[in-house]
Amino acid sequence: MVKISIVKVENPSCLWGRVFGGSGETTEDYADLQTQMNLFYHDVTQDLHSLKPASFEEGQVYVVYWALKKSWCRAVVLSIIRDPTCLQTLCFLVDHGEVTVVPSENMRVASEKFLKLPFWVRKFHLSRVQPTTLRVSFFAEKSELKPSAQWDCSATLYLHNLLQASVQTEVVLHEWESESTAIELFVTIGNIKICVNDDLVAKKFAYYSSSGLDACDRAPLPCSYSILTPTLSKCSHKQTEQNLRSPGDHGAESYSWPAVARGCNTFIISQNADQPLGYLVPLLTHLLLNSVHVSHASSSGPIAVLLCPGWEKAQLVYDLLEETNVSQTLHPLIMLVGIGKDQAKDVKIPKNCLLLVTTPFSFVRLLSSHCFLFLRLYHLLLDEADELFTRAPDQMESILQHFQKVTSRVEKGSCPRQLIAAARRWSSPMEKLISCHMPNPYIVISVLEEAALYGNIQQVVLMTPENNKISVLLDALDFCPDVGQKTLIVANSAQEVEDVFQALSSQSAFCLKVHEGLLDQLDFVLQQWKKTIGPRTHIVLVSTSECLKGLGIRDASCVVHFGFPSSPRLFGSRLFCMVENFQNLSVQVLPLYIKTASVYYGRLVNSSDEGFESMASEINSYYADTKPGAKELLQGALYAVQEDGVFHRVKILSVPDPGESLFNSISVRFVDIGKEVEVKSYQVLELPEQFHSLPHQAVEIVVCGVKPVDAEMEWHPKVTRAISQKIRGLQHQARVVLSLGNTLFVHHMVRVTKMAGTRALINEYSLQSEILKTGMGVSNPEHLDVLRELLQDSVVNQTKDGGPTNG
């Protein structure tokens, strides 16, 4: 086994590295070579004519001047670039592993004395493995891992990350070849040595090529082993078949692996969510590669807590952890605490324990006696989250509040924070979990019927005899709605489709139909369905379940089950036709007027709605030519006022008695910004009627979870100024947790920007964190609970007084 230094990774079949201790050459030998070449080719007394090449050939070795390092280097010409003005060559620097373009005037003949040392950088490729890729068949609704001719970029990125995290890199040389050397690559992370070849197979980036192994050993390792068990083990034929199944067979939770492995907040609903390997594999990878560095922190205690609904499940998870090699680094511990006197106080948690497995009841008892041991809790995992909230709702609330307090401390701002919840079904506590405790989560829902529940689909059940279904259907549909509607009616047979279509046509409804006998009409139906519809328009499509796959509808505003679905999966696939209308807890906000550090006025920004921008442009164009002053000032009426070169819609709040004053001050509200100011009467302009129809855009935005320090009732002006300078006029992403009239209460508000030249989005800052950084604010975790209690009390009081019960 020799040591190499990887200097460049193109893909697992093309690594450029330097060998140490291979054939006797040392680092000092190559450093001396570099020095001698620089002295020789920088020597102005040399005959430059004899050193310049008479011609250039591909594959020939030269010495070139590398402008980046300002040094002369050995290079092989890859190709010649001929230009009318100059001759250039594409060269590979054989001692540095870089490719660069070199003008011909910067190239010299390689002296024989500089070719004695072998090229320092060699090309390597991982032995025994070949690339795979995921092939998805949309018609067959399945995905399969297939051999591929090239490596996926994700495999190259994963290899690059492993090498960066490694403290030591070693290889076993399998065979020396003229162009590339086959190697088995080992990296050491922490105190764990990983075989990269095997790990790529375990991650399903690759498969084993023929190398004398039997059929079982050629199979990819189960995903559950990940990088934690780098060695191959014998397995049964049945296990081999299981390993070779597509990721969809392991449970469509594999979609959550990238998010979990990157340390993101992740919410998973899957039929296999009760199988802990669905989230353990990427989580442990993340802990080993990214979070272990926090183990040297001054505070003690676990960095991750995994909550299970009962002791049996906790024991199962702990046994799985013990079977892997993570115990050598994370030292997992299972802790079940009873209600005996002083039982929780007597518990001793080893200092090296980084991962604790327990139940909500046991964890609350531990917190009551040892809360100081959980001050560096960065990762909280909720196994079977729906069961956790059903069995222990009060305990879960206490745990989440503790997690929020610990992770929201100012000094923890740069530390990782991750909350993972896996559940089999959607339930009402999940919404509060996401909105209050999971900023910017990745939500992965592979069960379509559960996705519909998450999307807050409103369902209406109409009971009717079989022979009366059509008449009930006709009564339920509004064929002249105020807002454009797209209704999908799903029947169980072609005959039902025809019957419903005839009934709807008799009502002069705009109706389309498709079933197995009308597949030639599929393109026409889709073309009609995708047309833009306006108010008082209702388009209805009648189809069978079998034809839905070919339609690919995602924007239906209503789905009618004329024939009841035969399975929950079929039910979910029908409702999924409305996915574009599912709720999105994350309403983009543009703060325009900063009232206090946590209260703003601004607009909700919808990327698909350009109505306001269009109107604003038209208003400014209108007043560019004329500025008609207001003839009569009426309280409550709309006008226009110019401010900073921009014309805004305003509503007059009060008109004082003119008296003898020539210019009166009038109180107005900027209806699209939210602020209220006084303007002079001569500044008020007439607003044409066409600019009145668009609803007022300004909403009040209240940021929850923070409050002034020292029990102050108002924010210090310097905090408000700092926040105003940072956020005013910039678009932010916010999560609405409560809405009262024109006021939105948001729990997390972050500035999200796109990295130049990429599709990647980054969170520049969290507004709550920025407020806390000023030192003039503290966390207010009870804020939402207090608001909800006040709202509930208000509803109860209105009901007692005989007033309305909804607002």
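User: At 66% relative accessibility, does D710 count as buried or exposed?

Analyst: This is a predicted model, and in it D710 is found in the loop between β33 (706-708) and α21 (717-727). Its phi is positive, at about 60°, although D710 is not a glycine. A residue is called exposed when its relative accessible area is over 50%, and because D710 has 66% relative accessibility, it counts as exposed.

User: Where does D644 lie?

Analyst: D644 has a phi near 55°, which is a positive value in a residue other than glycine. With a relative accessible area of 75%, D644 is exposed. As for its place in the chain, D644 lies in the loop between β28 (638-643) and β29 (646-654).

User: Which residues does V559 touch, not counting residues up to four places away in sequence?

Analyst: V559 has its place in strand β25 (residues 558-561), and with a relative accessible area of 13% it is buried. V559 and V540 are 19 residues apart in sequence, while their C-alpha atoms are 9.9 Å apart in space. Once residues up to four places away in sequence are set aside, the residues that V559 touches are L488, V490, R574, C577 and M578.

User: Is L522, at 18% relative accessibility, buried or exposed?

Analyst: L522 has its place in helix α17 (residues 522-529). Leaving aside neighbours within four places in sequence, L522 is in contact with V514, G550 and L551, and from C-alpha to C-alpha it is 9.0 Å from C547, a residue 25 places apart from it in sequence. Buried means under 20% relative accessible area, so L522, at 18%, counts as buried.

User: What span should the 15 residues of helix α12 have at 1.5 Å a residue?

Analyst: The expected span is 1.5 Å times one less than the number of residues in the helix, and helix α12 (residues 393-407) has 15 residues.

User: Which residues in α12 are buried?

Analyst: A residue is taken as buried when its relative accessible area is under 20%. In α12, the residues that are buried are M396, I399, L400, H402, F403, Q404, V406 and T407.

User: Are α12 and α13 roughly parallel or roughly antiparallel to each other?

Analyst: Two packed helices are described by the angle between their axes and the distance between the axes. The axes of α12 and helix α13 (residues 428-437) come within 12 Å and cross at roughly 10°, and the crossing is right-handed. In this contact, E397, L400 and Q404 in α12 meet K432, L433, C436 and H437 in α13, and by class these residues are 3 nonpolar, 2 polar and 2 charged. Angles under 35 degrees count as roughly parallel, and therefore α12 and α13 are roughly parallel.

User: How many residues of the contact of α15 with α16 are charged?

Analyst: Helix α15 (residues 469-476) and helix α16 (residues 494-506) pack at an angle of about 50°, with their axes 11 Å apart, and they are therefore oblique to each other. The way in which α15 passes α16 is a right-handed crossing. K469, I470, L473 and L474 in α15 meet E496, D499, V500, A503 and L504 in α16. Of the residues in this contact, 6 are nonpolar, none are polar, and the number that are charged is 3.

Methods: Residues are numbered from 1 along each chain as its sequence is written. This is a predicted model: local features need pLDDT of at least 70, side-chain atom pairs count only at pLDDT 80 or more; totals for chains, interfaces and linings use all residues. Side-chain values use heavy atoms; hydrogens and water are left out. Axes are lines fitted to C-alpha atoms, for helices over the stretch in contact, and angles run from 0 to 180 degrees between N-to-C directions. Helices (H or I, at least four residues) and strands (E, at least two) are DSSP runs, numbered from the N terminus. Angles under 35 degrees count as roughly parallel, over 145 as roughly antiparallel, 65 to 115 as roughly perpendicular and the rest as oblique. A crossing is left-handed if the near helix is turned anticlockwise from the far one by less than a right angle, and right-handed if clockwise. Contact means heavy atoms within 4.5 Å. Ala, Val, Leu, Ile, Met, Phe, Trp, Tyr, Cys and Pro count as nonpolar, Asp, Glu, Lys and Arg as charged, and the others, Gly among them, as polar. Buried means under 20% relative accessible area, exposed over 50%, partly exposed in between (1.4 Å probe, protein chains only).
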